Structures are given as C-alpha cells and as structure tokens.
Amino acid sequence: MSAVSGRTTVVIGGASGIGWASAQLLAAEGATVVIADIDADQAAARAGELGGGARSVRVDVTDEESVRALFEGTASDLGSVDITLNCAGVNLPGMIVDLDAASWQRTLDLCLTGAFHVIKHSARVMGAGAAITSITSLNARQPAAGFAGYCAAKAGLAMLTQVAALELGEKGIRVNAISPGLVETPLVTGLTSVPVIQDDFTDNTPLGRNGQPSDVAQAVLYLSSDASSWVTGEVLDINGGAHLRRYPDVMKHLATLSG
Ligand SMILES: NC(=O)c1ccc[n+]([C@@H]2O[C@H](COP(=O)([O-])OP(=O)(O)OC[C@H]3O[C@@H](n4cnc5c(N)ncnc54)[C@H](O)[C@@H]3O)[C@@H](O)[C@H]2O)c1
C-alpha cells in the first residue's frame, strides 16, 4: 500500500498544470482526490478523468468563505482532509513605476492572501499526520524585473509556510512549500513561446531544460506522504539548478522585440 493510499486530498488549482499533474500522481498512489479550482467545468472534467472516488468543487482562493466551505464540506462529506496542495497563482507583470495598484493587489490576493485562506481553513479541519504543501516560486528567492507583485507574494508565501509550520507542528500538521523554476504549463506559454526568452531560461538552468509538471508532482508526493514525516517548514527548490544562476531579464527581451 502506498504512503498516501486512502488519504483525502484537496488539490487547489488542480484543473491545470502542476496541480493536475500532482492530482494524477496522488490518485495513482491511491489518494482520494478533490479537484478544487475556480474553473468549475475543467475541474469537473478532470475529476471525471481520474474516476474512482474523485470529485470536484469550485473554489476561489481570494474568497475566504469559499475556501472555508471547501474544507468544511470536504471534511464533513469524506470524514477528514489529510493532504492539501495549493497551486493557485497568477503573475500580472509590469515595471514598478508603471504597475497599476489593481494588478499589484490582484497578484498578492491570489498568491499570498489566497494561500493564507487555504492554510487557515485546511488546518482547522486537519488532524495529526496531515500535510499542507503550497507552490511558491523561484521568484521567492530570485528577483525578476517586472515581477514585483509576484516576487513579493511568493517570498511572502515562503515565510508564511515557515510560520504556519511553527504554529501547526504541535498539532502534528506539516507545512511545506515547493519553489519551481520554469515549468511548461499554460501559465508560462508567454515565456516559452518566445525563443530569445526561452534560450535565456535554458542558459540559466544548469540542467539545461525546462521543468515538466511531473517533475514537481514527484516532490508534492514526497512532501504529502509519510516519507517526509520529519520535514516541515521546508521550501524546496525544484528548478534544474536555476537558483544558482540569475533570473532572465524578461522585460528587456520583450522591449527589444517590440522595438
Ligand atoms: N509554471 C511555472 O513555470 C511556475 C513556476 C513557478 C511557480 N509556479 C506556480 O505554480 C502554481 C501553479 O501554476 P501552473 O503553472 O500549474 O498554472 P496553471 O495556469 O496551469 O494552473 C493554475 C490553476 O489555478 C487555477 N486558479 C486560478 N485562479 C484561481 C483562484 N482564484 N482560485 C482557485 N483556483 C484558481 C486555474 O484555474 C488553474 O487551473 C502557481 O502558483 C504558479 O505561480 C508556476
């Protein structure tokens, strides 16, 4: 029997990308998966693809009531919540002098306040042995021109993870995060589809390739299972070594291309 077999698992942002790859792996390892996403139709389709006991719920992480209802409803219907993965995120870029406050606020609301709602309401229904994992970013430690809101929110999420681990340790709940580099998902096609930007990412990644969602899913499985039962407050780099070099100047490339 696998280490997550039979565990009730909520994957927020599970309808796409890293969340979907993780949901597939956790389900294959025997977890009972709830795909929770703002895109209700896609979440329902994904739950249908998983089959078995998988189900879907619409949630908006920026809306605390919606997050509370997700966790209380899941615990009530399925008996417990044992594993939570939070993948919701957005990057609305712009140089600071040009960045409108609404874009800044939206990025923080989704990436940081949303994660706070998820950790808070997840932990309230969890018991000893449970695990919460959030997806932060290489930009939690590596600054990128034009990504002020995203870098600030993801750095905040790394610290939020550590504070939550400190507070929840005595309940036996582990809280960790993963910081991926460039992973091929719909979120980053605006980067991977521009050859000069893609080349810069490759040059700045010692292992010389982009990540795949499955690369991150393997780390999610580890942090969600008892294999990591003495790991909490960890922010794990999964990036082909990109944290050892520098973040590409995406905005400069875009400015050059637009003449
Ligand atoms: N792809 C990358 O290169 C990369 C790198 C580092 C970090 N990340 C982070 O990984 C996470 C997942 O990104 P991805 O690349 O898989 O993106 P994705 O766009 O493929 O998936 C994100 C999912 O989140 C859902 N979502 C968006 N807003 C939501 C909300 N308010 N409430 C609930 N769900 C919502 C979307 O509907 C979508 O299904 C994000 O937090 C992102 O910042 C991605």
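**Core, strands, pocket**

The largest nonpolar core has 26 residues, and those that touch the most other members are Leu26, Val33, Ile35, Ile135, Ile178, Val216 and Val220. A nonpolar core here is a set of buried Ala, Val, Leu, Ile, Met, Phe, Trp, Tyr and Cys residues joined through side-chain atoms within 4.5 Å. Buried means under 20% relative accessible area, exposed means over 50%, and partly exposed is in between, with a 1.4 Å probe and protein chains only. Two or more residues of this core come from each of helix 1 (17-28), strand 2 (32-37), helix 2 (40-50), strand 4 (83-86) and helix 8 (213-224). Helices (H or I, at least four residues) and strands (E, at least two) are DSSP runs, numbered from the N terminus.

Before going on, a word on the source. This is a predicted model, in which local features need pLDDT of at least 70 and side-chain atom pairs count only at pLDDT 80 or more, while totals for chains, interfaces and linings use all residues. Residues are numbered from 1 along each chain as its sequence is written, and side-chain values use heavy atoms, with hydrogens and water left out.

What is valine 216 in contact with, leaving aside its neighbours within four places in sequence? The list is Ile18, Ile135, Ile178, Pro180, Val183 and Ile238, where contact means heavy atoms within 4.5 Å. There is also a second, separate core of 25 residues, which includes Val10, Val81, Val118 and Met126. As background, nonpolar side chains in soluble globular proteins tend to be buried together.

Now the strands. Strand 2 is mostly covered, with five of its six residues buried. Strand 1 (residues 8-12) pairs with strand 2 in the parallel sense over five bridges; two strands pair if DSSP finds at least two bridges between them. Within this pairing, valine 11 stands opposite isoleucine 35 of strand 2. From strand 1 the chain crosses through helix 1 to strand 2, and this β-α-β crossover is right-handed. Right-handed means that, with the strands pointing away from the viewer, the path from the first strand over the helix to the second runs clockwise.

Strand 2 also pairs with strand 3 (residues 55-58), again in the parallel sense, over four bridges. Here alanine 36 stands opposite valine 57 in strand 3, and aspartate 37 has arginine 58 as its bridge partner. The crossover from strand 2 through helix 2 to strand 3 is right-handed.

Next, the pocket. How big is the volume of the largest pocket? About 970 Å³. The search runs on a 1 Å grid over the protein atoms alone, and a pocket is an open set of points where a 1.4 Å probe fits, with protein on both sides within 12 Å along at least five of seven lines; lining residues have an atom within 4 Å of a point. Grid points are joined across faces, edges and corners, and the volume is the space filled by probe spheres set on the points. The lining has 43 residues, and Cys87, Gly89, Val90, Thr185 and Leu187 are the closest to the pocket centre. Helix 1, strand 2, helix 4 (101-125), helix 5 (148-168), helix 6 (189-192) and helix 9 (250-257) each give two or more residues to that lining.

Last, single residues. Beyond four places in sequence, leucine 191 is in contact with Leu182, Ile197, Gln198, Phe201 and Val250.

Lysine 120, in helix 4, counts as partly exposed because its relative accessibility is 27%. Glutamate 167 belongs to helix 5 and is exposed, at 58%. Alanine 227 lies in the loop between helix 8 and strand 7 (235-238) and counts as exposed, at 55%. From alanine 227 to leucine 257 is 30 residues in sequence and 47 Å in space, C-alpha to C-alpha.
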